[in-house]
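Biologist: I have the model open in the viewer and would like to go through it with you. Could you take me through the fold?

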Amino acid sequence: EKGTYPHYMLKEIDEQPLAIRKIIQQYRAEDGKLTIDPAIIDAVKAADRLYIIAAGTSYHAGLLGKQFIESLAKIPVEVHVASEFSYNMPLLSEKPLFIFITQSGETADSRAVLVQVKELGYPAITITNVPGSTLSREADYTLLLHAGPEIAVASTKAYTAQMAVLSILAEVTGRSKGYDSSFDLVHELGIIANAMEVVFEQKEELETIAREYLSTTRNAFFIGRGIDYYVGLEGALKLKEISYIQAEGFAGGELKHGTIALIEDGTPIIALATQESVNLSIRGNVKEVVARGANPCIISMKGLEMDGDRFIVPAVHELLTPLISVLPLQLISYYAALHRDCDVDKPRNLAKSVTVE
Ligand code: F6R
């Protein structure tokens, strides 16, 4: 139920801290540490390579899952769009393990890959929000998101929940392989949940940003480097889906190899700067587009902020910044859609689960 909310999307955006806290609670053992069914951890450790398969927003969560797993569990990960994988299967490693990420658990493109890899005899885990869904039933193992039902077509809380569960899978696997256990993920996810609430206190500012940058524009670009690039892809997808603004996410350094030709006077550029290692280089990329007339909106993180940044999210662990930096992007999309009189919860041409290939 929407309760007092005007839209499910806004309600679901607001439910993200609750979902993160629920996930911590669900994946926490009596000793206070995070835990996952040992059979799943054994399956992950037995693999020489993980293949994440997903579509849309879940694919974007998968791109970040790769970062978490490679840095905390040191297992190589490939991330594939489901509809491409099933028609154009890459050369597989000797001992692959498949991880399907799907909010609904019903996406036909993802299911087609699951059917294929089961026929080949490979193990599969489904990460889903819906217990008993098709992909959950047909995989060997399931990890639940515990985000509560997601009704709005544009996925929000499932994305942050997917990243939280992927980070837990990465941390528990890494710990079980004997890697550095000084990373206190329970604590870091707790910080995320609190930081989310701080962002929500600044909704008015995000509405102003949406009005200023996006109420009349035809297009918009999201740029970032590394982790921020992947979050930009998700920001662009949200904006396209519900406001019908043509939006693209780009790696900051790649813009100049062609796409910069699209920058005109006033073109909105939303740049993310949450990573210390690329803080100066992404700002260099912003300067390149500003020199061509772009209207920059820099979203940075406390501690890395510089004069002129438009929105600053609270500081969180550098690996987990997507769980916080996506919030202003979700809200900017939401307000842009409102300003443009779009049907936020039921955008044209889209359905909540895509059950055709
Ligand atoms: C974006 C969106 C879609 C879904 C995609 C996969 O807001 O909702 O891109 O993320 O169709 O759906 P699931 O996760 O249910 O497999």
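This is a predicted model: local features need pLDDT of at least 70, side-chain atom pairs count only at pLDDT 80 or more; totals for chains, interfaces and linings use all residues.

Biologist: Which sheet has β3 and β4 in it, and what is the strand order?

Modeller: They belong to an open sheet of five strands, ordered β2-β1-β3-β4-β5, in which the pairing is parallel. The edges are formed by β2 (77-81) and β5 (141-144), each of which pairs on one side only, and from one strand to the next the twist averages 20 degrees.

Biologist: Which strands does α4 lie across?

Modeller: Helix α4 (residues 56-72) lies across β1 (49-54), β2 and β3, and it runs at about 175 degrees to β2. Helix α8 (residues 157-176) also packs on the sheet, where it touches β3, β4 and β5, and its direction makes about 155 degrees with that of β3.

Biologist: What is the phi of K74, and where is that residue found?

Modeller: K74 is found in the loop between α4 and β2, and its phi is near 55 degrees, a positive value in a residue other than glycine. As background, most residues other than glycine have a negative phi.

Biologist: Changing topic, what is the strand order in the sheet that holds β8?

Modeller: That is an open sheet of five strands in the order β7-β6-β8-β9-β10, and the pairing is parallel. Because β7 (246-251) and β10 (311-313) stand at the edges with a single partner strand each, one side of each is left without a neighbour in the sheet. The twist here averages 20 degrees from one strand to the next.

Biologist: How many bridges join β6 to β7, and which residue is the partner of I223?

Modeller: Six bridges join β6 (residues 219-224) to β7, and the two run parallel; the bridge partner of I223 is F250 in β7. Packed on this sheet is helix α12 (residues 279-290), which touches β6, β8 (268-273) and β9 (295-301), and whose direction makes about 170 degrees with that of β8.

Biologist: And α13, is it mostly covered or mostly open?

Modeller: Helix α13 is mostly covered, with 16 of its 18 residues buried. The helix spans residues 322-339 and reaches 26 Å from its first C-alpha to its last, close to the 26 Å expected at 1.5 Å a residue. Just after α13, D341 takes a positive phi of about 60 degrees.

Biologist: What about N349, buried or exposed?

Modeller: N349 counts as exposed because its relative accessibility is 76%, and exposed means over 50%. N349 lies in the segment after α13 and has a positive phi of about 70 degrees although it is not a glycine.

Biologist: Stepping back, how many helices and strands does the chain have, and how compact is it?

Modeller: The protein chain has 13 helices and 10 strands. Its radius of gyration is 20 Å, close to the 21 Å that the globule rule gives for 357 residues, so the chain is as compact as a globular protein of that length. Of the 357 residues, 57% count as buried, and among the contacts with a separation of 6 or more, 77% are between residues 24 or more positions apart.

Key. Residues are numbered from 1 along each chain as its sequence is written. Side-chain values use heavy atoms; hydrogens and water are left out. Two strands pair if DSSP finds at least two bridges between them. Helices (H or I, at least four residues) and strands (E, at least two) are DSSP runs, numbered from the N terminus. Axes are lines fitted to C-alpha atoms, for helices over the stretch in contact, and angles run from 0 to 180 degrees between N-to-C directions. Contact means heavy atoms within 4.5 Å. The radius of gyration is taken over C-alpha atoms; the globule rule is 2.2 Å times the number of residues to the power 0.38. Buried means under 20% relative accessible area, exposed over 50%, partly exposed in between (1.4 Å probe, protein chains only). The expected span of a helix is 1.5 Å times one less than its number of residues.
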